[in-house]
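These are my notebook entries on a single structure. I set down what I looked up, entry by entry, with the criteria used.

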Amino acid sequence: MIVINKVNELEKAVDALKHEGKSIGLVPTMGALHEGHLSLVERCRKENDVVVVSVFVNPTQFNNKEDLRTYPRTEEADKKLLQCAGCDIVFMPTVEEIYPEPDNRIFNLGRVAEVMEGAMRPGHFNGVAQIVSKLFMMVKPDRAYFGEKDFQQIAVIRQMVKTEGFNLQIVPCPIVREADGLAKSSRNVRLSGEARNAAPRIYRTLHESIEFAKSHTVDETIKFVTDTINSQQPLMEVEYYQIVDGLSMMPVSSWDESNYIVGCITVYCGGVRLIDNIAYKK
Ligand code: AMP
């Protein structure tokens, strides 16, 4: 595995590999790696000749300065994990290397980027599009791997690929969970003992709602999930729970409106913002 910090070195390395006819897979991350990230690397390893993983805490996608300042950074541990996972190139640039000057690009991401996370975190998806488009231009991957944990992000990136004319395959990968169901996340380290004990209730409730939904409407199911989690107030507070079409991200009002239906949730748990989702129809 080689560690690269400079954009021109990354471009040189991938260009040489592409010249040899090698297929290239990219896994973009912000580091503080866990098994969720490693499942993407594993899938990428199976499907490509060369695995490139980027580790970069992208400032332009943070709409909250404190979140950026306290985002966990574990670079040495990340390198070790990536080495074991069969990564070929890890790209760890500085902020100045990626943004030598401010990136003022505004992406036309359409309605998929306006709801849910787009509504709650203004500018977040534009920042994601800035960094992911830069990485796509530098690495020119054949495939790029994203976790369904950030469900809406996949729809936004697909939209960006379409409008920017990138020629690559976006590969969505299933959510990796802790044994108690909590979706693995770099931000889980911020949970207090009490919040960590309560957090599995999010997935447990989503899971229970699958059965509930069989005999209830979409609106009743939204209420069931929201009320069940909010019964733990003040420790847990639902920011939103929306049941949407899995491709367009538009809310559905009945179960037969689409054959791909997903519930997306954000919960403040002991002050830490956690996201998760579950498919009702797929
Ligand atoms: P992040 O470092 O949080 O930006 O995540 C990098 C990539 O890993 C994104 O595509 C995430 O969706 C994905 N990811 C994060 N957590 C998980 C998880 N628990 N299961 C699957 N993928 C994940």
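**Entry 1. Salt bridges**

I looked up the pair Glu-211 and Lys-214 and found a salt bridge whose closest N and O atoms are 3.0 Å apart. The term stands here for a side-chain nitrogen of Lys or Arg within 4 Å of a carboxyl oxygen of Asp or Glu. Glu-211 counts as exposed at 52% relative accessibility, and Lys-214 counts as exposed at 63%. For these labels I used the following limits: buried is under 20% relative accessible area, exposed is over 50%, and partly exposed is in between, with a 1.4 Å probe and protein chains only.

I note that this is a predicted model, in which local features need pLDDT of at least 70 and side-chain atom pairs count only at pLDDT 80 or more, while totals for chains, interfaces and linings use all residues. Residues are numbered from 1 along each chain as its sequence is written, and side-chain values use heavy atoms, with hydrogens and water left out.

How many salt bridges does the structure hold? I recorded 20. One of them joins the side chains of Arg-69 and Glu-66, at 2.8 Å from N to O. Both residues lie in helix α3 (residues 65-69), three residues apart, which is about one turn of the helix. I took helices (H or I, at least four residues) and strands (E, at least two) as DSSP runs, numbered from the N terminus. Arg-69 is exposed, at 59% relative accessibility, and Glu-66 is partly exposed, at 42%.

**Entry 2. The pair Lys-184 and Glu-35**

I next examined the salt bridge between the side chains of Lys-184 and Glu-35, which is 3.6 Å from N to O. Lys-184 is in the loop between β6 (169-173) and α9 (193-198) and Glu-35 is in helix α2, so the pair ties together parts that are 149 residues apart in sequence. Are the two residues buried or exposed? Lys-184 is buried, with a relative accessible area of 12%, whereas Glu-35 is partly exposed, with 48%. I also recorded that Glu-35, Glu-178 and Lys-184 are linked in a network of salt bridges.

**Entry 3. The ligand**

A polar backbone atom of Met-30 is 2.9 Å from an oxygen atom of the ligand. For Gly-147, a backbone N or O atom likewise lies 2.9 Å from a ligand oxygen. For Asp-150, a polar side-chain atom lies 2.6 Å from an oxygen atom of the ligand.

The ligand taken alone exposes 480 Å², and the protein buries 93% of that. Accessible areas come from the Shrake-Rupley method with a 1.4 Å probe; for residues, only the protein chains shown count as cover.

In strand β7 (residues 236-245), seven of the ten residues are buried, so the strand is largely enclosed by the rest of the structure. Nine bridges join β7 to strand β8 (residues 261-269), and the two run antiparallel. Strands are said to pair if DSSP finds at least two bridges between them. Met-236 has Cys-269 as its bridge partner in β8.

In the loop between α11 (218-230) and β7 I located Pro-234. A cis peptide bond joins Gln-233 to Pro-234, with omega at about 5°.

The loop between β7 and β8 holds Met-249. This residue has a positive phi of about 70° although it is not a glycine, and Met-249 is buried, with a relative accessible area of 0%.

**Entry 4. Met-116**

I found a positive phi of about 45° at Met-116, which is not a glycine. Met-116 lies in the loop between α5 (95-98) and α6 (117-120). Met-116 is buried, with a relative accessible area of 3%.

Note on methods
Polar contact = N/O pair within 3.5 Å; in protein donor to acceptor, adjacent residues only side chain to side chain.
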